[in-house]
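Here is a short report on one chain. Have the sequence and the model side by side while reading.

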Amino acid sequence: MIDNRTAPYAAFLLRLALGVMFLAHGFTKLLVFTLPGTAQFFASVGFPGWLAYPTTFAEIGGGALLILGVIPRLVAVPLTLLLAGASTVHFANGWAFGNPNGGWEYPVFLTVAAAVLALLGDGKFTLVKSPGSK
């Protein structure tokens with residue numbers, strides 16, 4: 001049973017946590033690893049290097065939109081797919097993210113968390129509601 005009184009606040013907290021995580025990951029790619037470095041990493045794990053650029057900006061833009069509450073449910077859908085793709089890089093490394101090259105536990109958890117937000121809804125304190133949201 002869903003508690004309709006607290007569920008919007010739960011979605012809000014989930015939205016904030018995911019938004020901060022996406023901003024951190026996107027800015028790490030941009031400012032620490034640099035876009036060319038991220039592109040090189042993408043290529044080394046079998047993704048086209050050019051995907052580093054839209055991925056980085058999707059993480060930064062998506063994170064900001066989630067924090068601000070701008071169509072969060074719609075933003076969460078493509079971010080779920082992005083995380084699902086990122087998770088595949090870690091499957092061969094085992095479960096624990098502390099394993100060499102990071103295991104799959106953390107990215108898969110984030111994938112599920114983003115999917116939950118997409119299914120749960122925009123949450124409280126939303127600036128621009130997603131179409132179809134109450």
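How far apart are the end C-alpha atoms of H1, and what span should its 26 residues have? The model is predicted. Its end C-alpha atoms put H1 at 36 Å. At 1.5 Å a residue, the 26 residues should span 38 Å, so the two values agree.

**Helix H1**

H1 covers residues 7–32. Its buried residues are Ala7, Ala11, Phe12, Arg15, Leu18, Gly19, Met21, Phe22, Gly26 and Lys29. These buried residues pack against four helices: H2 (35–44), H3, H4 (72–88) and H5. In an α-helix there are 3.6 residues a turn, so residues three or four places apart point the same way.

Val32 belongs to H1. Its relative accessible area is 59%, so Val32 is exposed, the cut-off being over 50%. Just after H1 comes Thr34, with a positive phi of about 65°.

| Residue | Relative accessibility | Class |
|---|---|---|
| Ser130 | 3% | buried |
| Thr55 | 13% | buried |
| Phe97 | 35% | partly exposed |

**Thr55**

Thr55 sits in helix H3, residues 52–68. Because its relative accessibility is 13%, under the 20% limit, Thr55 counts as buried. A polar atom of the Thr55 side chain lies 2.7 Å from the backbone oxygen of Leu51. Beyond residues up to four places away in sequence, Thr55 touches Lys29, Phe42 and Leu82. Of these, Lys29 is among the buried residues of H1.

**Ser130**

Where is Ser130 placed? It lies in the segment after helix H5 (105–120). Ser130 is buried, at 3% relative accessibility. Its side chain makes a polar contact of 2.7 Å with the side chain of Asp122. Leaving out neighbours within four places in sequence, Ser130 contacts Ile71, Pro72, Arg73, Leu74 and Asp122.

**Phe97**

Phe97 is in the loop between H4 and H5. Its relative accessibility of 35% makes Phe97 partly exposed. Which residues does Phe97 contact, leaving aside its neighbours within four places in sequence? They are His90, Gly102, Gly103, Glu105, Tyr106 and Pro107. Phe97 and Ala10 are 87 residues apart in sequence. In space, their C-alpha atoms are 26 Å apart.

Note on methods. Residues are numbered from 1 along each chain as its sequence is written. This is a predicted model: local features need pLDDT of at least 70, side-chain atom pairs count only at pLDDT 80 or more; totals for chains, interfaces and linings use all residues. Side-chain values use heavy atoms; hydrogens and water are left out. Helices (H or I, at least four residues) and strands (E, at least two) are DSSP runs, numbered from the N terminus. Buried means under 20% relative accessible area, exposed over 50%, partly exposed in between (1.4 Å probe, protein chains only). A polar contact is a pair of N or O atoms within 3.5 Å; within protein, one must be able to donate a hydrogen and the other to accept it, and residues adjacent in sequence count only if both atoms are side-chain atoms. Contact means heavy atoms within 4.5 Å. The expected span of a helix is 1.5 Å times one less than its number of residues.
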